[in-house]
Amino acid sequence: MKLFKRIKRQPSLKASKRLLQVVSGVGACLLVATVWSSLFSPAAAQYETYEVKSVPGNVIWGELFKPDSEPILTVKSGDRIRMETVSHEGILADQGDTVEFLTGGGIKEDDILPDQLSIKGTVPKSGPGPHVITGPIYVEGAEPGDVLEIRTVDIEYRAPYGVISNRHGKGSLPGEYPENDAPIYTKIIPIDAEREIGIFKPSNGLPDLEIPLKPFMGLMGVVPAAVEDAANSVPPGLYGGNVDIKHLGRGSSLYLPVQVPGALFYSGDPHCAQGNGEVALTAIECSLLPTFELVLHKDMELPAPMGETADAWIAVGLDTDLNEAMKKSVREYLRIMEEKYGLTKADALLYGSADIDFEVSQVVDIVKGIHGVIPKERFTALEK
């Protein structure tokens, strides 16, 4: 049972902060939530923003939420959530003591994110996946057949480090790397948040390399209708989940078909930077604070996850077979071109062969991903 204390909205053109405390009786979990109105314009006054903490009662580890999972928060379409997320890298069993692991890589003990330590010490790892996931969030009015648009409004850094890992039997070259049959090869990446740069330190004494950071949430989803699809946090699906598409950063949208009442949105697997393919196994895994705007679409049908940025549509294909994932991505591209721009699928297929890039999202998550990037500027003449 939950106790909500709502504070009446005060009309103002100034940003005002108000405290909303939500107490859940499930496992004596406390959700500390802060809600404020950013009233810079009449349009901005129509939503509220909630702050969700990554305290142990608000996260699960290794699996996805299920249809009967108790929501930690209920929001309306258009509301925003500042959701704390926690990286699993650094707290996994094969990395040993977290403090020793991170300080051994040059990170100051005072800079270690406390939530990583509290989650490692108190949250059971209840599934085979590695991910720590925050949620779920109930969206009022959401029903199966609707579409939930997850707008990533902003992303902030929570800690000055990330981790890249390669593990035995995983990644794009299982059996070849890590070398010498080592169980794990991992590297801690110091982060300069001001410059948005990660520092990669070669192991053989070569000069440091700088990696430009482009933060995004690797895992955003709604609860799958089938309970078995929630058993492992690793494979993505119709419900989204661990799609690992690097274009879905600040200013992007991910559209997902709602599977269960309330949608039950969640997020995790925060990344600071990732190359297409994610070939070692992980990106630069780092704890982030994204701001999401959740928008419910009642008049929209969607056969698969779809992405959008300011400049492009993202046609997503997912399958355990990379060839099949490619086919699904191409079919989704054809659908988008027909529905958005009126181009016949036969013409779109020819056009795509000349001007559309199909990229490998990742090949390391059991279900592999291909995404086609459709530049909007090419089709302004066809806009309806």
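Buried here means under 20% relative accessible area, while exposed means over 50% and partly exposed is what falls in between (1.4 Å probe, protein chains only). You'll find Leu-281 in the loop between β17 and β18 (284-285). Check its backbone too: phi is positive, about 155°, although Leu-281 is not a glycine. Most residues other than glycine have a negative phi, and most peptide bonds are trans.

Before moving on, some ground rules. This is a predicted model, in which local features need pLDDT of at least 70 and side-chain atom pairs count only at pLDDT 80 or more, while totals for chains, interfaces and linings use all residues. Residues are numbered from 1 along each chain as its sequence is written, and side-chain values use heavy atoms, with hydrogens and water left out.

**Zoom out to the whole chain.** Color by pLDDT, the predictor's confidence in each residue, from 0 to 100. The chain averages 90, and 88% of the residues score at least 70. Now select residues 1-44, where the pLDDT is below 50; beyond near neighbours in sequence, this stretch has 95 contacts in the model (heavy atoms within 4.5 Å). Where pLDDT is low, the predicted coordinates should not be read in detail.

Switch to cartoon view and you get four helices and 23 strands. These are DSSP runs numbered from the N terminus: helices are H or I, at least four residues, and strands are E, at least two. Of the 384 residues in the chain, 54% are buried. Among contacts with a separation of 6 or more, 73% are between residues 24 or more positions apart.

**Select β9, residues 147-157.** Which strands pair with β9? One is β16 (residues 252-257), which runs antiparallel to β9 and is joined to it by six bridges. Another is β19 (residues 288-297), also antiparallel, over ten bridges. Strands count as paired if DSSP finds at least two bridges between them. For landmarks, show Leu-148, which stands opposite Leu-256 in β16. Then show Glu-156, whose bridge partner in β19 is Leu-289.

**Next, two prolines.** Select Gly-135 and Pro-136: the peptide bond between them is cis, with omega near -5°. Pro-136 sits in strand β8 (residues 132-139). Then jump to Tyr-177 and Pro-178, where the bond is again cis, with omega near 0°. Pro-178 is in the loop between β10 (161-167) and β11 (184-192).

**On to β17, residues 265-273.** Asp-269 lies in this strand. Its phi is near 50°, a positive value in a residue other than glycine. Is Asp-269 buried or exposed? Asp-269 is buried, at a relative accessible area of 2%.

Cys-272 is buried at 0% relative accessibility, and Cys-286 is buried at 1%.
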